[in-house]
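Subject: Handover of a structure, with notes

Hello,

Here is the structure I am handing over to you. Please open it alongside these notes.

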Amino acid sequence: MINEILHSRLIAFFLGLWAMYCASIGAYDGAVFIPLIYGMLLLLNHMDQKKSTRSAKTNAQNK
């Protein structure tokens, strides 16, 4: 579920739109904060997928 939300083009579009809006009015903290949170969620999701893939491989090897 979270994977589909994180990789949604619509979410990425609105994040880019928000960053452009914040940058145009000079609120650079808003332009950086939300994409930073989105990037951290992507990183955590990627790390979680790597861990689950690695554990599935070791479970398959042990059987």
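Below is what was found in it.

First, the ground rules. This is a predicted model, so local features need pLDDT of at least 70 and side-chain atom pairs count only at pLDDT 80 or more, while totals for chains, interfaces and linings use all residues. Residues are numbered from 1 along each chain as its sequence is written, and side-chain values use heavy atoms, with hydrogens and water left out.

Overall picture

The protein has 3 helices and 0 strands. The order from the N terminus is α-α-α. Helices here are DSSP runs of H or I with at least four residues, and strands are runs of E with at least two; both are numbered from the N terminus. Of the 63 residues, 13% count as buried. Buried means under 20% relative accessible area, exposed means over 50%, and partly exposed is in between (1.4 Å probe, protein chains only). The accessible surface comes to about 5300 Å², and 69% of that belongs to carbon and sulfur atoms. Areas come from the Shrake-Rupley method with a 1.4 Å probe; for residues, only the protein chains shown count as cover.

Helix α2

Helix α2 covers residues 9–25. Its 17 residues should span 24 Å at 1.5 Å a residue, and the end C-alpha atoms are 24 Å apart, which agrees. The expected span is 1.5 Å times one less than the number of residues.

Which residues of α2 are buried? They are Leu15, Ala19 and Cys22. Seen down the axis, the buried residues of α2 fall within an arc of 70 degrees, so they line one face of the helix. The arc is taken from the directions from the helix axis to the C-beta atoms. Arg9, Leu10, Phe13, Met20, Ser24 and Ile25 are exposed on the other side of α2.

Leu15 counts as buried at 15% relative accessibility. Its C-alpha atom is separated by 8.8 Å from that of Ala31, 16 residues apart along the chain. Just after α2, Gly26 takes a positive phi of about 90 degrees.

Aromatic pairs

There are 2 aromatic pairs in the structure. Rings of Phe, Tyr and Trp (its six-membered ring) pair if their centres lie within 6.5 Å; planes under 30 degrees apart are stacked, over 60 edge-to-face, the rest tilted.

Phe13 and Phe14 form an edge-to-face pair, 5.6 Å centre to centre, with 65 degrees between the planes. Phe14 is partly exposed at 46%.

Trp18 and Tyr21 form a tilted pair, 5.8 Å centre to centre, with 45 degrees between the planes. Both lie in helix α2, 3 residues apart, about one turn of the helix. Trp18 is partly exposed at 38%. Tyr21 is partly exposed at 45%.

Nonpolar patch

Trp18 and Tyr21 also belong to a nonpolar surface patch of about 950 Å². Patches are made of residues with over 30% relative accessible area and no salt bridge; like charges are joined within 9 Å, and nonpolar side chains (Val, Leu, Ile, Met, Phe, Trp, Tyr) within 5 Å. A salt bridge is a side-chain nitrogen of Lys or Arg within 4 Å of a carboxyl oxygen of Asp or Glu.

Helices α2 and α3 (28–62) are the elements that give two or more residues to the patch. The largest share, 7 residues, comes from α3. Val32 lies in helix α3. Val32 is exposed, with a relative accessible area of 52%.

Best wishes
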